[in-house]
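Dear colleague,

Please find the structure below, handed over for your own work.

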Amino acid sequence: MADCSRRGILAGAAAFLAAGGCRSLSFGESPAEREVRRQIAAGYYSCACCGAVGGERFAMGDRRPEDATPVAVDGQSLFEVASVSKTFTALIAAQLHCSGLLDIDAPFTRYLPRHALAKTGTDITLRDIAAHAAGFSDGWFYRDARQARRYQSADGLEAGALAQLPEGPRRMHVKYACHDMILLGYAIEQVTGLDLDAAARKYVWGPLGMASTGWRNCPENPHTVQMYTHGPVPLGYKGDEKARASASRPIGNAGVFTCLDDMMKYAEDLLCRRTFPEACYDLLFTPTFGDGKRRRSFGWDMSPGMNPPGWSAAAINHSGYTGQYVAVDPEQGHAVVILTNLRLTAPAERARAYEDRRALATLMR
């Protein structure tokens with residue numbers, strides 16, 4: 001079990017600093033460091049920042065491989081974490097639910113009265129949506145290029161999202177879709193009167209001291225990492241198509257920029273449960289729907305085949321298209337953050353890289 005006492009955390013931090021902070025070593029490397037070096041050499045990504053609560057932290061590689069001069073990555077380097085952003089959307093909603101401002105078991109149209117289902121009635125809830133069990137999909141956004149042009153603004157994207165009907169019945173299958181967390185983000189904005197960046201600072205990043213994390217493009221920030229989607233993304237800009245279409249307005253499925261130093265505060269808090277109401281953590285760590293293949297909690301994956309090998313059934317995890325992986329196991333006391341700038345585009349290569357990130361998380365226990 002991880003030592004969540006103040007003494008234990010300080011001891012871990014002291015050991016980390018004594019080792020030189022986020023380090024890159026060629027002699028005496030840990031198994032995890034050797035595996036990251038192998039993955040960099042194999043062309044998965046150009047850099048990685050990795051950490052385990054109460055354990056090792058390290059950074060290695062070049063965060064600006066498109067530049068002529070290599071730039072070393074470190075604990076403050078900013079990665080656009082793609083779908084890991086969804087976990088912040090879920091935590092904000094969980095807090096609003098626990099404070100009575102949001103009822104996740106009411107029809108979701110209570111909070112999105114302009115949705116196409118509002119006039120006909122629906123039993124789909126925000127709990128269903130956060131578990132990807134509402135029956136929605138992302139197909140509408142990609143269906144044809146002519147329609148997609150209508151969505152290249154924050155208002156156009158919202159109008160398009162609110163016009164979509166589910167493609168299947170609720171609570172029949174887990175159907176992972178960015179659309180779900182986009183809707184949850186709109187509900188948060190409706191309740192709080194804040195955009196998601198401001199809401200996250202108020203409800204998550206501020207309380208956790210995640211000072212470097214943000215939900216907006218940051219092209220002028222000198223800490224940005226060169227990210228890739230279907231090729232290099234302009235420095236400091238969101239790679240996800242829907243997040244990019246939403247322009248300067250944050251959107252619930254993707255687009256957060258953060259660093260290892262901040263994400264370790266997040267992972268530690270999820271493991272040690274120090275900052276938010278206990279009921280919030282319970283929502284994140286309690287299975288809410290499964291279809292025999294996949295199992296989801298409120299905003300997180302709990303499927304055995306998606307968690308790190310050897311971790312318990314109580315673990316939660318989330319990955320990001322840009323090469324990220326976060327996993328927390330309260331039963332075994334593990335929490336791991338892996339941030340990379342994944343460069344692979346072929347589906348088979350990406351699948352292999354994902355499995356190797358899961359295995360890397362096990363090495364960092």
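A salt bridge here is a side-chain nitrogen of Lys or Arg within 4 Å of a carboxyl oxygen of Asp or Glu. Both R358 and E355 belong to helix 13 (residues 347–363), where they stand three residues apart, about one turn of the helix. Helices (H or I, at least four residues) and strands (E, at least two) are DSSP runs, numbered from the N terminus. R358 is buried, at 9% relative accessible area, whereas E355 is partly exposed, at 38%. For these terms, buried means under 20% relative accessible area, exposed over 50%, and partly exposed in between (1.4 Å probe, protein chains only).

Please note that this is a predicted model, in which local features need pLDDT of at least 70 and side-chain atom pairs count only at pLDDT 80 or more, while totals for chains, interfaces and linings use all residues. Residues are numbered from 1 along each chain as its sequence is written, and side-chain values use heavy atoms, with hydrogens and water left out.

Side chains of opposite charge can pair when their charged atoms come close. By the rule given above, the count is 19 salt bridges. Among them is the pair E35 and R38, whose closest N and O atoms are 2.6 Å apart. Both residues lie in helix 2 (residues 31–41), three residues apart, about one turn of the helix. E35 is buried at 16% relative accessibility, and R38 is partly exposed at 37%.

R273 and D282 also form a salt bridge, at 2.8 Å from N to O. R273 is partly exposed at 24%, as is D282 at 35%.

The remaining finding concerns the largest pocket, which holds about 560 Å³ of space. Its lining has 28 residues, of which S83, Y176, S319, G320 and Y321 are the closest to the centre. On a 1 Å grid over the protein atoms alone, a pocket is an open set of points where a 1.4 Å probe fits, with protein on both sides within 12 Å along at least five of seven lines; lining residues have an atom within 4 Å of a point. Grid points are joined across faces, edges and corners, and the volume is the space filled by probe spheres set on them. Helix 10 (241–245), strand 7 (316–320) and helix 13 each supply at least two lining residues.

With kind regards
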